[in-house]
Amino acid sequence: MNKPALTLYLAAPRGFCAGVDRAIKIVEMALEKWGAPVYVRHEIVHNRFVVDGLRDKGAVFVEELDECPTDRPVIFSAHGVPKAVPAEAERRQMVFVDATCPLVSKVHIEAERHAEEGLQIVMIGHAGHPETVGTMGQLPDGDVLLVETVADVATLDVRDPERLAYVTQTTLSIDDTAGVVAALQARFPAIVGPHKEDICYATTNRQEAVKAMAPKVDAILVIGAPNSSNSRRLVEVGARAGCDYSQLVQRAGDIDWRALEGITTLGITAGASAPEVLVREVIDAFSERYEVTVEQVETAIERVEFKVPRVLREAAK
Ligand code: 2E6
Ligand code: F3S
């Protein structure tokens, strides 16, 4: 039987960013240096496939530091940790490596600097997300105010409207965040902040590529995990850019073939924590059912790379 034709548009950039690449390397190099088990506080990045692969090599994933023995190394995930976490690891004399993405650490430093200048910090982020918890945790409990939406801005109870600064999570929706920043600036004209927000290059580029792809396709699949903030934002961006069917899938087994019946064009992208093998797996699943033509939708070229911490670089020599 003849297979139906399908044009598959692949977003570029998609998948791993420099911070994810570095965080995974840190776990792999720590396992080489110290042997198994190496403990990892929280999923190193939000992807089950990545986590399972590292677990097979000897990594042990825990949610809190007190689940780790003091005589084994521990790695902090790419999302960052509150200041209390490394402080406690030091108090317990543990060996630890911080895999926080340097672009998240930059936001931590920004928040601390503003606070040193006497400004109260407003964080734009998602409540309970580890990055938000980590960034807010750079300052004492209760010091940082969280806003998630434009509506939250109206009810903010600040110390002094003249002495405010804002920081953001790195993986937010560019468009939603512009709205929240505008609402903050309208209510607190003296508020200081970054040039626009703290959304990273990888989040920005992946959202741009989906926007470019959306008008061309009947459906979009975003490969990523349900707890991955940047991946979920890509699904929303696809839907808002006019694609009627924009869905998150962890891998090929999640594809709802019924819902895709009759499509002739499909867009595929992957969140910053989703490995390319899963993109290949999804493409292969479509190739079994369709006569597939692949085209790239390239909106940026990324050349960012981050070095792993010195303690691991020296071990690899
Ligand atoms: C660290 C910071 C930002 O849920 P989120 O998108 O933040 O995290 P991942 O692990 O899906 O993506 C990478 C990442 C790590 N992004
Ligand atoms: Fe870092 Fe952005 Fe990736 S903050 S971990 S480069 S999604």
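Where is D254 placed, in terms of β10 and β11? D254 sits in the loop that joins β10 (245-249) and β11 (265-270). This is a predicted model. D254 is partly exposed: its relative accessible area is 40%. Along the sequence, D254 and A127 are 127 residues apart. In space, their C-alpha atoms are 27 Å apart.

**The three-stranded sheet**

Three strands make an open sheet in the order β7-β6-β8, and their pairing is parallel. β7 (145-147) and β8 (164-168) stand at the edges. Each has a single partner strand, so one side of each is left without a neighbour in the sheet. From one strand to the next, the twist averages 30 degrees.

β6 covers residues 120-124. Its pairing with β7 is parallel and runs over three bridges. Across this pair, M123 stands opposite L146 in β7.

Two helices lie across these strands. Helix α7 (residues 174-187) lies across β6, β7 and β8. Its direction is at about 150 degrees to β6.

T100 belongs to the loop between β5 (96-98) and α4. Is T100 buried or exposed? T100 is buried, with a relative accessible area of 4%. The cut-off matters here: a residue counts as buried because its relative accessible area is under 20%. The side chains of T100 and D98 are joined by a polar contact of 2.4 Å. Leaving aside residues up to four places away in sequence, T100 touches R22, F76, S77, A78, G80, V81, S105 and H108.

Which residues come nearest to ligand 1? There are 15 residues around the ligand, and H46, S228, S229, N230 and S273 come nearest.

| Residue | Part of the residue | Distance to an oxygen atom of ligand 1 |
|---|---|---|
| H46 | backbone N or O atom | 2.7 Å |
| H79 | polar side-chain atom | 2.9 Å |
| S273 | side-chain N or O atom | 2.7 Å |

On its own, ligand 1 has 370 Å² of accessible area, and the protein covers 96% of this. H46 makes its contact through the backbone, whereas S273 uses its side chain.

How values were computed:
Residues numbered from 1 in each chain as written. Chains lettered and ligands numbered in written order. Predicted model: local features only at pLDDT ≥ 70, side-chain atom pairs only at ≥ 80, totals over all residues. Heavy atoms only, no water. Pairing = 2+ DSSP bridges. Helix = DSSP H or I, 4+ residues; strand = E, 2+ residues; numbered from the N terminus. Axes fitted to C-alpha atoms, helices over the stretch in contact; angles between N-to-C directions. Contact = heavy atoms within 4.5 Å. Buried < 20%, exposed > 50% of the residue type's maximum accessible area, 1.4 Å probe, protein only. Near = heavy atom within 4 Å. Polar contact = N/O pair within 3.5 Å; in protein donor to acceptor, adjacent residues only side chain to side chain. Areas by Shrake-Rupley, 256 points an atom, 1.4 Å probe, with all protein chains shown as cover.
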